[in-house]
Amino acid sequence: MAEPKTKYDRQLRIWGEQGQAALEKASICLLNCGPTGSETLKNLVLGGVGSITVIDGSKVEVGDLGNNFMVDESSVGQSKAKCVCSFLQELNDAVKAKFIEEYPEALIEMNPSFFSQFTLVVATQLGEDSMVKLDRICRQANVMLIFARSYGLTGFVRISLKEHTVVESKPDHFLDDLRLNNPWPELKRFAESIDLDVQDPVAHKHTPYVVILVKVAEQWAKSHGGSLPSTRDEKKEFKDLLKARMISMDEDNYKEAIEASFKVFARRGIGPDLQQILNDSSAEVDSNSSDFWVMVAALKEFIANEGGGEAPLEGSIPDMTSSTELYVNLQNIYQAKAEADVLVIEQRVRNILKKMGKDPNSISKTTLKSFCRNARKLKVCRYRSIEDEFNSPILPELQKYLTDEDYSVAVGFYILLRAVDRFAANYNSFPGQFDGGMDEDISRLKTTAVGLLSDLGCNGLTLTEDLINEMCRFGASELHAVAAFIGGIASQEAIKLITRQFLPMSGTFVFSGIDHKSQLLSL
């Protein structure tokens with residue numbers, strides 16, 4: 001793409017050059033381009049994905065004009081896939097757009113290998129049987145899959161793939177990596193070279209809080225058998241020590257030290273989330289292991305050896321009240337340690353790759369740097385197959401949701417979305433889809449839902465009459481407002497998956513437009 005980067009200027013600030021490059025390489029397949037599918041794809045086309053393929057066998061009908069902005073009166077009678085595809089192409093001429101006029105169900109049945117060419121498949125408005133089959137196909141081909149469906153005032157989104165590893169999880173709140181509770185030799189030496197009792201008031205007021213905390217923590221440890229403050233009283237006493245060192249009330253650096261003292265009290269070493277990844281069986285690498293797990297194996301060796309129980313240092317420091325000279329020196333000490341840690345990890349990665357019989361330089365320096373900088377925030381997501389969830393959901397969870405009033409609407413709609421597919425398989429139409437016979441549809445849907453619940457092992461649990469009536473009232477309609485919301489969620493998750501940044505949602509996301517609430521169900 002020869003275009004200047006200013007085109008995607010605002011989003012580059014969120015997911016950066018690497019994230020944008022991943023999007024521009026991605027090929028997306030959309031199944032069914034009703035409002036839910038069209039809205040999902042619109043967001044991805046505007047975001048600059050590489051290519052899209054729209055698959056839909058239906059023709060545009062007059063009814064489609066009321067809920068899909070991507071078709072107009074001139075489209076009636078034409079291929080829906082073609083009309084939506086040309087509309088989307090107009091939104092961003094850098095995206096390669098094509099369409100296939102075919103029903104997705106037929107493609108899933110007759111040509112399963114078709115899907116292996118894509119980075120990600122967005123499957124909208126599919127029935128349960130097709131979902132299960134498509135999920136099996138995509139898992140085998142290692143293609144990312146997102147299911148999305150709108151139905152009246154409800155809808156769901158569900159990601160499905162065997163494993164998704166994230167280096168840049170970008171959590172909202174995370175303790176910065178200053179190592180105040182476990183300083184390395186260079187930081188210790190730097191702190192030792194600075195006198196906290198300096199007579200010059202200007203110098204006293206411009207000693208960075210990192211130095212203050214490292215020194216006071218060391219003094220504390222000397223008089224407390226090597227340990228740092230842990231009880232409430234000790235923490236208070238530690239803060240009082242800091243306060244006592246202030247010469248005047250306007251010393252911002254000491255106020256910062258008192259506010260940041262919790263960083264001294266934090267546990268040394270790595271957190272339980274990272275420990276879990278290091279203990280994962282995938283961290284025992286073999287010739288099929290992905291780059292992520294090769295780097296994790298190197299990280300594990302590093303923590304046990306050079307790291308002394310700590311992950312590689314991130315290397316950046318926050319702003320703080322300080323003289324410029326001390327701040328720059330401190331910054332250099334953190335950067336040097338981070339760079340040294342990257343070199344050690346790099347060496348270990350190269351050795352592991354060599355042992356595996358792979359090119360020792362196959363993982364780039366940029367990738368390794370990013371991995372080391374984010375080592376404490378790594379995430380691994382695994383998703384149950386749709387088949388497992390549908391046939392044997394986690395019973396205690398399901399029963400808990402059905403009896404908890406916070407979850408009852410969401411889980412009720414979840415059960416009913418599956419019940420309407422059973423209903424359609426039995427009666428060749430969705431409940432309430434055609435005029436007349438509403439009462440009969442309501443009682444049939446109720447019977448179907450009760451049957452489904454007992455098949456899932458929830459005997460004796462029922463859904464409220466209100467929800468069943470509503471579901472019939474929806475008549476399988478796709479409302480634009482709901483479709484746009486569900487499409488927004490689906491496209492946001494697609495971007496997380498493709499860029500491998502942020503944490504994609506786990507479980508099944510269910511939205512209820514009746515009370516404007518959404519829930520994640522872990523089934």
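## Exercises on pockets and rings

The lining of the largest pocket takes at least three residues from each of domain 1 (3-162 + 479-521) and domain 3 (272-318 + 345-381). These domain bounds come from an automatic or database domain assignment. The model is predicted: local features need pLDDT of at least 70, side-chain atom pairs count only at pLDDT 80 or more, and totals for chains, interfaces and linings use all residues. Residues are numbered from 1 along each chain as its sequence is written, and side-chain values use heavy atoms, with hydrogens and water left out.

**Exercise 1.** Describe the largest pocket: its space, its lining and the element that gives the most.

*Solution.* 
- Start with the term. On a 1 Å grid over the protein atoms alone, a pocket is an open set of points where a 1.4 Å probe fits, with protein on both sides within 12 Å along at least five of seven lines; lining residues have an atom within 4 Å of a point.
- Take the space. The largest pocket holds about 1,100 Å³, a volume filled by probe spheres set on the grid points, which are joined across faces, edges and corners.
- Find the centre. Of 38 lining residues, Met144, His164, Thr165, Ile498 and Arg500 lie nearest to it.
- Look for the main contributor. H1 gives the most, five residues. Helices (H or I, at least four residues) and strands (E, at least two) are DSSP runs numbered from the N terminus.
- Sort by class. The lining has 15 nonpolar, 15 polar and eight charged residues. Ala, Val, Leu, Ile, Met, Phe, Trp, Tyr, Cys and Pro count as nonpolar, Asp, Glu, Lys and Arg as charged, and the others, Gly among them, as polar.

**Exercise 2.** Classify the pair Phe114 and Phe118.

*Solution.* 
- Apply the rule. Rings of Phe, Tyr and Trp (its six-membered ring) pair if their centres lie within 6.5 Å; planes under 30 degrees apart count as stacked, over 60 as edge-to-face and the rest as tilted.
- The rule gives 13 aromatic pairs.
- Phe114 and Phe118 are 5.5 Å apart centre to centre, with 65° between the planes, an edge-to-face pair.
- Both Phe114 and Phe118 are buried (under 20% relative accessible area, 1.4 Å probe, protein chains only).

How values were computed: Buried means under 20% relative accessible area, exposed over 50%, partly exposed in between (1.4 Å probe, protein chains only).
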